Amino acid sequence: MNLITHVGRYSQLMTGVFKKPDKWNITLRQIVKEINKLGVDSLGITIIISVFIGSVITLQTVLNTANPLLPTYVTGLVTRDTLLLEFSSTILCLILAGKVGSNIASEIGTMRITEQIDALKIMGVNAPNYLIFPKIIAFCLIVPVLVIFSMFTGIVGGYIITYTGVISPNDYILGIQYAFIPYYIVYSIIKSVIFAFIITSVSAYYGYFSYGGALDVGKSSTNAVVNSSIIILLFNVLLTDLFLM
Amino acid sequence: MIEVKNVCKSFDGVEVLKNVSALFHAGKTNLIIGQSGSGKTVLMKSIIGIHHVTSGQILYNNRDFTAMSGDEVRALRQEVGMLFQGSALFDSMTVEENVRFPLEMFSNLPKEAWDDRVNFCLNRVNLHNANKLFPSEISGGMQKRVAIARAIVLQPTYLFCDEPNSGLDPKTAIVIDQLIQEITYEYNITTIINTHDMNSVMEIGDHVLFINKGEKSWEGNKDSIFESDNEYLNDLVFASDLFKKIKKNNLLNKRT
């Protein structure tokens with residue numbers, strides 16, 4: 001199937017997704033459920049990864065900026081900007097594309113091959129809207145929270161590693177505060193919301209158009225993760241150019 | 001009543017249904033039978049609207065389904081109940097939630113009456129004390145009953161059953177068949193059942209439509225099927241030794 005066919009089918013699906021829900025109270029209930037399932041359940045992995053990556057970025061920066069001409073606070077500054085600009089939005093979303101994307105694609109794909117989506121259709125329910133809309137809204141709402149957690153815990157991870165003696169904690173704190181640009185946080189959150197939309201909608205697309213058996217659902221799940229990751233990387237370049245240049 | 005008029009359906013140029021016409025009456029169990037790959041599932045899915053027909057008409061009480069707008073189709077679907085081959089219960093919901101789901105989406109009943117209606121439907125299919133269980137926690141026969149309860153909860157005018165007793169033991173299969181027939185008579189529903197289970201044909205075949213290679217090959221009922229000289233029908237229905245003997249006895253009894 002060529003790219004144009006995929007884009008066409010994706011657009012048609014999204015048209016169905018963004019129609020007025022049949023019952024708003026049911027949709028709101030679904031959104032709350034999805035926030036818990038896609039967002040709150042991802043908090044643990046977000047914190048663990050961010051703490052360790054924050055520590056590693058600090059160590060790598062110390063190692064690569066060991067020059068008496070460079071100020072001592074540079075490690076904190078580099079760690080902060082790396083986390084704020086790239087890790088907590090782009091890299092975190094790539095990781096979540098694996099966790100959340102495969103979850104969505106396999107859930108919807110299984111519903112497709114076990115005729116649950118046909119059952120919704122026969123009942124007269126707008127299946128794309130009922131199944132996909134709450135996931136998109138929920139993840140777009142919860143991703144900024146995950147990004148903020150990631151920024152905070154990443155910086156904490158870098159701070160913890162300073163106690164091994166690689167750098168003075170005070171220099172690290174100075175670097176964290178030095179030349180801080182609050183817009184970077186806004187930029188990161190905007191990017192992450194767009195990435196959240198990509199992860200949920202692309203994964204839902206691959207799940208919704210699954211066919212066959214368990215093997216095919218597995219393929220859909222893989223395609224969902226791979227393609228949403230590629231689209232995220234592409235959009236990362238575009239958004240960086242748009243918001244920072 | 002559902003009327004199918006000159007329906008054709010092709011997939012990628014391959015004609016799967018060829019000019020099929022039939023009338024399915026209300027208050028009767030209408031069976032579509034045929035070999036695997038004969039087009040009976042495509043016919044049923046075309047009648048429901050999962051597949052769009054290439055040509056022809058499908059009339060629900062004289063309302064042309066093929067000419068309906070999207071909103072009209074969605075409105076009609078609230079008059080339709082469907083029992084899928086694999087039950088198609090929502091596995092994230094309990095038995096009770098599955099049956100309540102159509103009520104939550106479409107019912108005009110007050111919220112307080114929903115539980116009564118759910119319990120009534122579950123009792124009607126003889127399912128007790130399973131309300132809080134998930135589909136994965138109940139047997140295949142019980143899943144079918146939940147699916148029937150869900151299909152009838154909005155008091156449908158039309159009921160579609162795709163292989164309702166596949167994967168069930170013969171005793172449970174007969175219970176499910178009889179349940180569908182009872183409900184059909186009780187609520188005067190137009191029921192269409194897609195099956196290749198000959199026990200079902202002999203048990204509840206008020207009206208039987210035989211599809212062969214995408215064409216209507218024979219039409220009758222569970223009694224007239226014994227007198228048919230349709231070679232393909234006889235090959236299918238009387239394939240087993242047991243049914244061959246039944247046919248022989250039946251014809252002998254008639255002669256004497």
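Helices here are DSSP runs (H or I, at least four residues), numbered from the N terminus. The model is predicted: local features need pLDDT of at least 70, side-chain atom pairs count only at pLDDT 80 or more, and totals for chains, interfaces and linings use all residues. Residues are numbered from 1 along each chain as its sequence is written, and chains are lettered from A in the order in which they are written.

Select helix 9 (214-244) of chain A. This helix gives 4 residues, the largest share, to the lining of the second largest pocket. A pocket is an open set of points on a 1 Å grid over the protein atoms alone, where a 1.4 Å probe fits, with protein on both sides within 12 Å along at least five of seven lines; lining residues have an atom within 4 Å of a point. The second largest pocket holds about 690 Å³, the space filled by probe spheres set on the points. Next, show A:Arg112, A:Tyr208, A:Phe209, A:Ser210 and A:Tyr211, the closest to its centre of 22 lining residues.

Move to the largest pocket, with a volume of about 890 Å³. Select A:Lys121, B:His52, B:Gly70, B:Val73 and B:Arg77, the closest to its centre among 33 lining residues. Helix 1 (3-17), helix 5 (116-123) and helix 6 (127-166) of chain A and helix 2 (70-77) of chain B each supply at least two lining residues.

Finally, colour chain B by its domain assignment (automatic or database): domain 1 (2-79 + 157-255) and domain 2 (88-155). Their C-alpha centres lie 26 Å apart.

Note on methods: Heavy atoms only, no water.
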